[in-house]
Amino acid sequence: MQNITIIGGGLMGSAAAWHLSKRGEHVLLLEQQNEIYEYGSSFGESRIARSLGPKDDIFSYFNNTSVALTRELIDFLNENDTQTHRMTDVYTTSPVTYIYDQVLQEEVNQLLYEEQKDKCEYATSKDGYAKFEMTIPDELTVIREYKEHSGTMHPLTLINKLHKAIYKCKSEILYQRKVLNISPKNDHYIIAIEDTKTGKTTELSTKKIIVAAGVYNGELLKGIEPQIAELITPKRMSLCYFKINKTAYNNYSEREKTRLHNIFPVFDLRGKQFYAMIEYIDVDGLPIFKIGGHRMYNALENVDAAWKTPPTKDEIEWTYNQWLNYLKMNNLPIEKEDTQYIEGRSCVYSLTETSVPLVGHFPLKEQPSDTDAILIGGMSGIGAKGAMCYGFIAANLLMKIENQEFMYQKAKDELGLKRG
Ligand SMILES: Cc1cc2nc3c(=O)[nH]c(=O)nc-3n(C[C@H](O)[C@H](O)[C@H](O)COP(=O)(O)OP(=O)(O)OC[C@H]3O[C@@H](n4cnc5c(N)ncnc54)[C@H](O)[C@@H]3O)c2cc1C
């Protein structure tokens with residue numbers, strides 16, 4: 001019998017598997033994809049990593065704890081390894097820009113409160129040019145956060161490093177293993193698994209289980225805990241990739257190029273919540289921008305089909321305009337004909353009612369819930385920057401390890417599965 005089995009080798013399952021392996025636990029991690037992660041909510045080369053938040057904000061805590069835990073991972077990997085691992089493999093530090101409508105002034109005030117430890121500046125229409133070289137409309141406030149390791153993080157690099165560390169601890173990862181069913185039996189769980197390469201189905205027994213199957217959590221657990229599917233709803237959203245053409249980009253001065261890099265990532269908290277970041281630098285040295293809208297999502301019936309759905313014309317148009325407007329707001333000379341739409345893809349994530357993710361024991365219908373069964377899910381569009389911390393909390397819950405720190409307790413309580 002396995003002691004601990006984790007389902008899902010995305011950011012969350014991998015982080016949990018590493019934290020347990022580091023403590024000497026033997027873990028089996030099951031992932032339906034092969035070693036190359038090609039779809040799933042963690043797909044891609046960048047996610048916004050940001051720390052700024054109001055007093056005692058759990059999301060700042062998730063981000064900052066994840067940075068500290070990533071440093072531990074890097075140190076562990078560097079012990080007796082021929083390859084050098086660096087924090088900069090995972091994090092690209094750059095200013096993070098937030099755009100607020102002044103109707104959200106209360107939120108802005110909460111961010112700029114006296115004890116705010118994260119270094120930030122803010123500007124309005126009056127001093128936007130002097131501070132950020134921006135033309136800021138009257139109704140907006142712009143905040144910029146400056147902190148080491150805030151900017152973007154690379155989800156696939158983090159997954160690769162976590163898997164390397166899991167192997168180094170002698171835990172096990174099986175790829176191309178799709179979990180078909182989980183059923184409780186006496187004091188353990190039976191997991192039915194399909195080897196997607198051979199089509200062969202097997203069963204294994206495990207004493208403890210962590211389910212971190214991303215948007216498939218609800219489906220996978222519906223036999224044990226139908227309420228999970230009600231707590232988290234899968235949503236489809238589109239991502240569009242753009243670039244500035246070579247000639248136009250090369251016409252920028254070095255100073256303008258630096259500014260172009262420093263004004264991303266950006267997160268606009270109005271309406272559909274436009275966000276944009278540099279996803280990667282292409283072979284010609286041109287930045288490739290990834291653009292989307294956090295609130296520009298649709299509910300969906302068929303998750304498998306959604307990954308392959310291209311963005312609609314309206315979605316492309318909307319993201320294009322948001323990006324161009326933001327460049328203009330920053331007084332970087334650009335015309336639409338100097339830019340190019342490269343490609344679009346859909347992504348799926350699951351959302352809780354409050355957008356606070358779930359990390360806790362299931363099933364809910366039994367009280368007390370099984371202390372040997374943990375769900376990590378409902379990560380929505382904010383999970384990546386806190387992944388190391390969600391995995392850490394899940395590992396602690398499974399091993400019954402407590403931490404009396406105030407923020408840890410607050411975070412753990414808010415992540416719990418009992419809602420409303
Ligand atoms: C478009 C988009 C933009 C985002 N932007 C940001 C951002 O800027 N900042 C930020 O912090 N976060 C962001 N996020 C959120 C973050 O990327 C996700 O919350 C996070 O990647 C979710 O990780 P996960 O491990 O829960 O899910 P996944 O990465 O989907 O992992 C689940 C894994 O389980 C596997 N699996 C599923 N079912 C089975 C099964 N039956 N058997 C075996 N394996 C199974 C899947 O193949 C997958 O690998 C964004 C997300 C998206 C989609």
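This briefing describes the overall form of one protein chain and then some of its local features.

The model is predicted. The protein chain contains 14 helices and 20 strands. Its radius of gyration is 22 Å, close to the 22 Å that the globule rule gives for 420 residues, so the chain is as compact as a globular protein of that length.

**Overall form**

- Taken along the principal axes, the box filled by the C-alpha atoms of the protein chain is roughly 65 × 50 × 45 Å.
- Of the 420 residues in the protein chain, 57% count as buried.
- When contacts between residues at least 6 apart in sequence are considered, 71% of them join residues at least 24 apart.

**Surface and charge**

- The protein chain exposes about 18600 Å², and carbon and sulfur atoms supply 49% of this area.
- The side chains of the protein chain include 48 positive and 56 negative ones, and the centres of these two sets lie 2 Å apart.

- Helix α2 covers residues 58-78, and its 21 residues should span 30 Å at 1.5 Å a residue; the end C-alpha atoms are 30 Å apart, which agrees.
- Asn-80 follows α2 and has a positive phi, near 55 degrees.
- Helix α14, formed by residues 406-415, has buried residues at Met-407, Tyr-408, Gln-409, Ala-411, Lys-412 and Leu-415.
- The cover over the buried residues of α14 includes α2, β19 (358-361) and α13 (387-399).

**Backbone exceptions**

- Most residues other than glycine have a negative phi, and most peptide bonds are trans.
- The peptide bond from Phe-264 to Pro-265 is cis, with omega near 5 degrees; Pro-265 is found in the loop between α10 (254-262) and β14 (266-268).
- Phe-362 and Pro-363 are also joined by a cis peptide bond, for which omega is about -5 degrees; the loop between β19 and β20 (373-377) holds Pro-363.
- Glu-133 is a residue other than glycine with a positive phi, near 55 degrees; this residue is placed in the loop between α5 (128-132) and β7 (140-146).
- Lys-170, which is not a glycine, has a positive phi of about 70 degrees; Lys-170 lies in the loop between α6 (155-168) and β9 (172-174).
- The relative accessible area of Lys-170 is 66%, so this residue is exposed, the cut-off for that class being over 50%.

- Lys-208 belongs to strand β12, residues 201-211.
- Its relative accessibility is 13%, so Lys-208 counts as buried, a class defined as under 20%.
- Apart from neighbours within four places in sequence, Lys-208 is in contact with Asn-3, Ile-4, Thr-5, Asp-372, Leu-398 and Lys-400.
- Gly-13 is part of helix α1, residues 11-22, and counts as buried because its relative accessibility is 0%.
- With neighbours within four places in sequence left aside, the contacts of Gly-13 are Ile-6, Gly-8, Leu-29 and Ala-212.
- The C-alpha atoms of Gly-13 and Glu-31 are 9.2 Å apart in space, while the two residues are 18 residues apart in sequence.

How values were computed
Residues numbered from 1 in each chain as written. Predicted model: local features only at pLDDT ≥ 70, side-chain atom pairs only at ≥ 80, totals over all residues. Heavy atoms only, no water. Helix = DSSP H or I, 4+ residues; strand = E, 2+ residues; numbered from the N terminus. Rg over C-alpha atoms; globule rule 2.2 N^0.38 Å. Buried < 20%, exposed > 50% of the residue type's maximum accessible area, 1.4 Å probe, protein only. Contact = heavy atoms within 4.5 Å. Areas by Shrake-Rupley, 256 points an atom, 1.4 Å probe, with all protein chains shown as cover. Lys, Arg positive; Asp, Glu negative; His and termini not counted. Charge placed at Lys NZ, Arg CZ, Asp CG, Glu CD. Expected span 1.5 Å × (residues − 1).
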